[in-house]
Every structure is written in structure tokens, then in C-alpha cells.
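Hi there,

Here is the structure I promised to pass on to you. Have a look at it first, and then read my notes below.

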Amino acid sequence: MDVLQHDLFYWQLVHHLVTQKGYRVIEVNPNMNEIWLEEEVRQSPKILRVVRKDVNWSNRLKEEMHNTLVKFNGLRRQLSFRKVIGENIYVSTYSPVDSWEHLINEPLTIAQEKTVMHTYLIETDDENKARELDRLKLDLNIPQLNGLSNDFYAIEDIEDRIKTLRNEVLQKAEERLQAEQAIFKFGKPFFTYLLLLSVAVMFVLLELNGGSMRILTLVEFGAKYNPLIEGGEYWRLFTAMFLHIGFLHFFMNSLALFYLGSAVERIFGSWRFLFIYIIAGLFGSIASFAFNDQVAAGASGAIFGCFGALLHFGINHRKLFFRTMGMSVIVILIINLSLGFLVPMIDNGAHIGGLVGGFLASFVVQLPKQRFKIRQLFLLGVVVAVGYGLFLFGMMNDQKAGAPIVHLQLSQELLEENEYEKAYSLLLTVQERQLDIPELYFLLGYTEVHLNKYEEAEKNFKRTVEMRPEFHEAHYNLALIYVHFEEEDKALQAVEQALIYSPTEEPYVQLREKLER
């Protein structure tokens with residue numbers, strides 16, 4: 001009879017903790033004689049292990065207590081608790097035959113006392129049982145525990161009562177599990193797939209029209225290019241979100257969007273997700289405009305906004321967040337931001353801007369089933385104000401006027417398309433910044449030759465070789481101008497200079513032979 005009575009007390013205790021005190025079932029072993037519970041409060045979190053087991057010897061109890069302490073510490077790390085109190089509760093028909101009280105008098109600790117474990121052994125002996133129940137009532141704040149311990153003596157059909165309590169505990173655990181799973185299934189990733197299709201279509205169009213690595217093509221299709229945005233083409237802040245530079249960039253962002261976008265859209269719902277994605281993408285583009293002088297494109301800002309949305313979810317469902325995706329999200333986010341600071345080619349401004357934008361946008365739309373509040377309109381105003389302020393800063397920040405090398409590459413691509421007037425206008429803009437870049441003056445001279453501005457071209461080729469004497473292409477083009485001016489001596493002198501630095505270049509050799517005749 002004592003065995004059944006202790007079985008009943010075990011299930012009465014678990015039932016009360018789960019159904020009345022709101023403890024969440026973490027784990028149930030197959031034999032149903034060991035259950036792990038988590039306290040659903042934010043302050044001073046507790047994890048309980050309630051085990052129905054008869055312990056014969058103190059050394060066995062000591063070994064089990066050590067293993068249990070290690071598991072408590074593992075759960076602390078898994079749930080991302082800074083500190084956790086573990087309650088290790090044995091319901092036993094009898095106590096160990098040898099001395100054991102000293103094992104449970106003091107709590108055990110591990111990991112610099114971040115994990116603390118108290119052990120209780122509730123058994124038949126009235127004196128020991130009363131002492132352990134008093135400790136347990138105090139530590140768990142369960143004043144009804146005396147009622148539990150007294151009730152089981154009056155129950156006539158103990159086995160039926162045990163079965164009822166067990167089924168109710170399992171049903172409560174299943175209901176809680178289904179409720180948590182429902183949080184991740186609120187929406188379907190409709191817009192995620194639509195966005196993936198959009199970026200794929202745009203990538204194919206880029207490749208069919210000159211290539212996604214070609215700056216001129218990127219600019220023509222709407223990439224972020226600061227001088228044109230300053231000129232009024234603000235729509236580029238939006239269109240840049242759908243373009244990618246190279247297959248690797250496209251593939252990695254598409255992969256990230258598939259996983260992160262799907263998760264956010266399932267949690268927030270489709271329309272909330274779309275709002276978060278667009279706001280984050282715009283924040284990313286604006287931040288890139290404000291701080292980055294390169295031509296930029298990509299969905300990275302919007303994708304980092306998905307990180308921001310998941311962090312917002314973590315604030316509202318902290319324990320669920322860390323039980324499921326929390327640490328993975330944080331680690332991946334830290335790695336990506338760190339790479340952005342270490343690798344110059346990564347537009348970390350867009351990443352951070354998107355992260356902030358997505359986080360703020362999540363506060364505006366809130367999670368599903370959260371009531372609309374007036375403060376959400378205020379937060380929307382904050383989002384607009386922050387975004388506009390960042391844009392104004394970008395308009396005033398001369399450091400982001402545009403990287404000269406980008407302008408030069410774009411000018412060179414325009415020249416390859418015989419767009420001499422456009423290239424010349426762009427090169428003159430760069431020249432106004434009074435930069436000592438030989439390639440700038442070489443391209444100016446080359447463009448001026450095709451625009452029949454030979455005197456200006458001569459000056460620019462001369463300046464090129466003054467800055468870099470080994471620039472043999474400039475010497476050769478200078479020779480061609482002297483040929484045009486019918487100044488053969490100067491032409492011969494210029495081509496000989498070119499041959500000094502590139503003696504096997506066929507056009508140089510042919511021009512010298514022609515001039516020497």
C-alpha cells in the first residue's frame with residue numbers, strides 16, 4: 001500500500017504543479033516516473049525534476065544527484081538563463097539504508113554557482129516526510145502541499161486516481177505544446193516565396209542585359225547610386241532591394257530570405273511581414289546611402305530586418321524564443337555583423353540599418369493577437385522620423401558622395417558603350433573633387449579624343465604621365481595626339497617613352513616604325 005500511496009502523491013504533486021501552478025512540462029521519461037518542469041515566470045526561474053524512485057544506498061543517491069546537477073546546468077545554458085535554481089525532488093517509499101541526510105542538507109552548485117540545486121527526499125517516515133514537505137512548501141511557495149500529502153490516505157481507488165491525474169497532466173502538457181506550435185504557424189510564407197521569385201527574375205534580367213557584376217547594368221536597373229539619389233531618384237532606395245551583385249550574393253541572400261523570411265511570416269502573418277520587410281529594406285538602403293559611397297544592391301537590409309523581427313519576438317516570448325531558435329539567431333547575427341566590420345566590401349551600414357528598421361517596424365505592427373494601441377501610431381511616427389532623419393544626414397554627408405573608383409569604372413563601361421557624352425559628364429564631376437588619380441585623367445583624355453577636344457586631351461595625358469611615368473597607355477595616346485597635330489618629333493618621343501615600359505606592345509612598335517620612316 002505504501003508504494004501506491006507514494007505513486008499517488010507523486011502524481012498529485014506533478015498535477016498540482018502543472019495545472020495549478022502553471023509549470024511547463026519539459027520532459028517525461030518513457031516509464032512516466034520522472035518528469036522535468038519549468039517555472040513560467042521571468043524572475044528567479046526554477047527547473048524541477050520530480051522523480052518517483054526508491055533509493056537504496058546513499059552512494060547511489062550521491063551519484064544521481066551529481067548527474068542531475070549536470071543536467072540542470074545544461075538546461076540553464078539551453079534556455080539561456082543567467083542563473084537557475086533546480087529543485088530535485090525524490091518521492092521514495094523508503095530512504096537509503098545508510099547515512100544520507102548530509103547529502104541534501106546543503107545545495108549543490110556548478111558553473112560558478114550559476115546553477116544551484118536543492119534536493120528533497122520524501123519518504124514513508126513521518127518525521128522525515130514532514131521536514132521535507134516543509135522545505136518544499138517554502139522553496140516552491142505551495143501552501144496546499146499539506147493537503148496533497150493528507151489526501152492520498154483517504155482515496156479508496158488509488159490506481160484509478162493515479163490514472164486520472166496522469167492523463168490530465170499529459171493533456172495539459174499537450175495543450176501547452178500545441179499552443180506554442182500555433183505561434184509559429186499563424187501565417188503562411190506567401191510573400192516570402194513571392195519575394196524570392198522577384199529577386200530571381202531581376203537577377204536573370206541583369207544577367208541577360210550585361211551581367212549582374214557590371215556597374216552600368218546595376219545602375220540602369222535601379223541599384224543604389226548616391227549621385228543619382230541626390231539628384232532626385234529616390235525610388236532607387238526601394239528598387240535596390242531586389243537586385244544582387246553576382247551569383248554568390250544572390251544565392252546567399254535567397255537562402256537567408258527563404259529561412260528567415262519564412263520564419264517571420266509564419267510568426268507575424270503575411271501583411272505584417274511585408275511591412276517589416278519593406279521598412280527594413282528601406283532603412284538598409286537609406287543607411288547605405290548615408291554611410292557607403294559604393295554602388296550597392298541586395299536584400300541584405302531587409303533580411304537583417306527579419307533578424308530584428310525575431311529579436312522582437314524574443315522580447316515578447318523570451319523562454320519560447322530561446323527554447324527554439326534564440327541562440328542560433330543571436331549567434332548568426334553576431335557572426336554576420338562581425339564579418340561586416342572585418343570585410344571592407346560588405347555594406348555593414350545597410351545591415352545595421354535593416355536590423356534597426358525591422359526591429360522598430362515589429363513594434364509598430366506587433367505580434368498577432370496583440371491588441372492595437374495608440375502608442376503604435378506614435379511608434380510609426382518614430383519610424384518615419386528616424387528614417388527621414390537618416391536620409392537627411394545622408395544628403396549632408398559629403399563623405400558618401402561616391403567612391404572615385406566606382407565613377408571611373410562606370411565611366412569606362414559607358415565608354416565601352418560609346419556613350420562618350422555621359423562618360424565625360426561623369427568624369428568632369430569626379431575631376432571637380434581635385435583627386436590625384438592618374439586613371440581619371442587618362443579616361444578624361446581618352447574621352448576628349450573621341451569628342452574632338454584634342455588640346456584638352458593633350459593636357460590630361462600629360463598630367464597622367466606626370467603622376468605615373470610608367471603609364472605607357474597614356475604615352476601612346478599622347479603620341480597619337482601629336483600625330484594628329486603633325487608634330488612627329490614629339491610623337492616619336494612619346495611613343496618611345498611608351499616602349500620603355502612596354503617594349504613588346506605591337507601598336508607601339510608599329511607607330512614608331514611609321515614615324516621613323
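**Salt bridges**

K46 and E87 meet through their side chains in a salt bridge, at 3.7 Å from N to O. K46 lies in strand β3 (residues 46-52) and E87 in strand β4 (residues 84-91), so this pair ties together parts that are 41 residues apart in sequence. Both K46 and E87 are buried. Please keep in mind that this is a predicted model.

In total, the structure holds 17 salt bridges. Another of them joins E27 and K71, whose closest N and O atoms are 3.0 Å apart. E27 belongs to strand β1 (residues 24-28) and K71 to helix α2 (residues 58-78), so parts 44 residues apart in sequence are tied together. E27 is partly exposed, with a relative accessible area of 35%, and K71 is partly exposed at 30%.

D436 also forms a salt bridge, with R463. D436 sits in the loop between α19 and α20, while R463 is in helix α21 (residues 454-467). D436 is exposed, with a relative accessible area of 60%.

**A buried leucine**

Finally, look at L414 in helix α18 (residues 404-416). L414 is buried, with a relative accessible area of 9%, and its contacts include L216 and L426.

Enjoy exploring!

Terms used
Residues numbered from 1 in each chain as written. Predicted model: local features only at pLDDT ≥ 70, side-chain atom pairs only at ≥ 80, totals over all residues. Heavy atoms only, no water. Helix = DSSP H or I, 4+ residues; strand = E, 2+ residues; numbered from the N terminus. Buried < 20%, exposed > 50% of the residue type's maximum accessible area, 1.4 Å probe, protein only. Contact = heavy atoms within 4.5 Å. Salt bridge = Lys/Arg side-chain N within 4 Å of Asp/Glu carboxyl O. Lists of a residue's contacts leave out its neighbours within four places in sequence.
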